[in-house]
Every structure is written in C-alpha cells, then in structure tokens.
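Work through the exercises below with the sequence and the model open. Each task is followed by a solution in steps.

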Amino acid sequence: APLRAGLDFYTIDALSGELEKTVYRVLGDDITWYYEDGVLTVSGTGEMNTLGSDESPEWPSELRKAVTKIVIEGSIKSISDFAFTYFENAEEIVIEDGVESIGTEAFYSCSSLDKITIPASVTNIGDDIIWTGYFWVSDHSHVYDATIYTEEGSAADAYAKNCNIRCAYYSTIRDAVVLQKYLLNVDMITKTQFEQYDYNKDGIVNGMDLAVLRQELINKA
C-alpha cells in the first residue's frame, strides 16, 4: 500500500455506528498533497501556506526520506518559502507550466537533487531555492548541485546565470520552428542553439535532429 502520512480524523455515526474517515493533507485553502511510489504530488489551486503555519504542519521525517521526486501541478499559483526543505532523497523536482512564483529556500538542503524543471510561467524566484546548505571554502559562496531545466530567456534562465547554477534548455514548439527554418536555410542559429539542437550529439544538425525534437514534443504533450 502507498505511504500516506498525514492527519486522519475518524467519526462514528451515533445512530448507524458507521465509521467515517477524513484525511487532512492540506498545504493551502484548496491545495492538497499525495504520495505514492516515491513521488510526492501537490495539486489544487491558489497559493501554498508557509511551512510551519497552523494550516501547514511540518513534513513527517518518514515521508521526507521516502520521496525521490516532487511534482508541483500547474494549477498551483505559488510555492511558499521553505516549502520542501530537507527532502534528502529527492532527485528530481518538476514544476509544471502555470506556476508563477517560488519562495525563498523552497527546496533547501535537498542533498540528492540532480534536476529541477522550472517553466517560463515562473517569473518570481526567491533566494537560494535549491541551496544545498553548504559553502565553497574558497569564497564562502553557496553550493548548488542541481541543474535547472527551463526555456531560454526565462526568469529561471536569468536566475541560474546570476547564481552560477548549471542550466539546460528543454525543447519547445518555438525550438522546432527555429530548427526547421535553419534546415530550410531561412534563418541562422547561434552556437548555443546548434549544441542544443544536436540531439544525437554527432556534431551535425540535420533532419534527424528535427525528428527527435518533434517526438520529444509529442511525448511531452
């Protein structure tokens, strides 16, 4: 059975004797979470409560250790400060398109984090969202181990460059249009785009790469 850590309330009907169970896993007025097979999914609408408030209890340590992936659905407007700290085994975080802001140290000390996807819809990003909690001895700057996956030119792209965090661009329909124009000799592409569009890493950008990109977009859809 999947792990469902949370607060459970039971009530008994005085006339029928029937037992009714209500599970409270709330992170906001209309936001809930669910865990299964290593994946913690946050769904609903609106803004998340700040972790540690009366409406949002601390995450159980058992759950923190079990989670390997966190998914924030796009109907969530904002991710609060310190929302998912110390999820030590979370390797991937997926923030879906539609989320608008990420709070300060939202994923602080997620020591195993390798990849976080941040869509272009996110325009407000707090300080140290993926800080490991460690410092570089040389200059005491913060250590970031994860790679940010986002769209070129997005707020997350600028954030990664400003904080010296590794950044990779995922493909969009716009990329397919640019690549197709390049293959038709209509427009040129930059060196960075060439490296991005060389999907099979053979040093050549051609129709095979366009086919891979189209399939990637289909899979994403």
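**Exercise 1. Overall make-up**

Task: find what share of the contacts between residues at least 6 apart in sequence join residues at least 24 apart.

Solution. Count a contact wherever heavy atoms lie within 4.5 Å. Among contacts between residues at least 6 apart in sequence, 40% join residues at least 24 apart. The model is a predicted one, in which local features need pLDDT of at least 70 and side-chain atom pairs count only at pLDDT 80 or more, while totals for chains, interfaces and linings use all residues. Numbering runs from 1 along each chain as its sequence is written, and side-chain values use heavy atoms, with hydrogens and water left out.

Next, the secondary structure: the protein has five helices and 13 strands. These are DSSP runs numbered from the N terminus, with helices being H or I of at least four residues and strands E of at least two. Of the 221 residues, 39% count as buried. Buried means under 20% relative accessible area, exposed over 50%, and partly exposed in between, with a 1.4 Å probe and protein chains only.

**Exercise 2. The nonpolar cores**

Task: which residues have the most contacts inside the largest nonpolar core?

Solution. A nonpolar core is a set of buried Ala, Val, Leu, Ile, Met, Phe, Trp, Tyr and Cys residues joined through side-chain atoms within 4.5 Å. The largest has 41 residues, and L40, I79, F84, I95, F107 and I130 have the most contacts inside it. At least two residues of this core come from each of β4 (30–36), β5 (39–47), β6 (69–72), β7 (76–79), β8 (92–95) and α2 (155–163). Another core of nine residues lies apart from it, including A176, I189, V205 and L210.

Now take I130: leaving out residues up to four places away in sequence, I130 touches F107, L113, I116, Y144, A146, I148 and I165.

**Exercise 3. Aromatic rings**

Task: how many aromatic pairs are there, and why is the pair of Y86 and Y108 classed as it is?

Solution. Rings of Phe, Tyr and Trp (its six-membered ring) pair if their centres lie within 6.5 Å; planes under 30 degrees apart are stacked, over 60 edge-to-face, and the rest tilted. The count by this rule is eight aromatic pairs. The ring centres of Y86 and Y108 are 5.5 Å apart and the planes stand at 90 degrees, so this pair is edge-to-face. Y86 belongs to the loop between β7 and β8, and Y108, 22 residues apart from Y86, to the loop between β9 (101–102) and β10 (115–117). Y86 is partly exposed at 46%, whereas Y108 is buried at 16%.

W131 and F135 also pair edge-to-face, at 5.2 Å between centres and 75 degrees between planes. W131 is buried at 9% relative accessible area, and F135 is partly exposed at 46%. One aromatic cluster is formed by W33, W59, F84, F87 and F107.

**Exercise 4. Cysteines and a buried serine**

Task: how many disulfides are there, and which backbone oxygen lies 2.9 Å from a polar atom of the S80 side chain?

Solution. With a disulfide taken as a pair of cysteine sulfur atoms within 2.5 Å, the count is zero. C110 is buried at 5% relative accessibility, and C163 is partly exposed at 22%.

S80 lies in the loop between β7 and β8 and is buried, with a relative accessible area of 7%. The backbone oxygen in question is that of N49.

Key. Polar contact = N/O pair within 3.5 Å; in protein donor to acceptor, adjacent residues only side chain to side chain.
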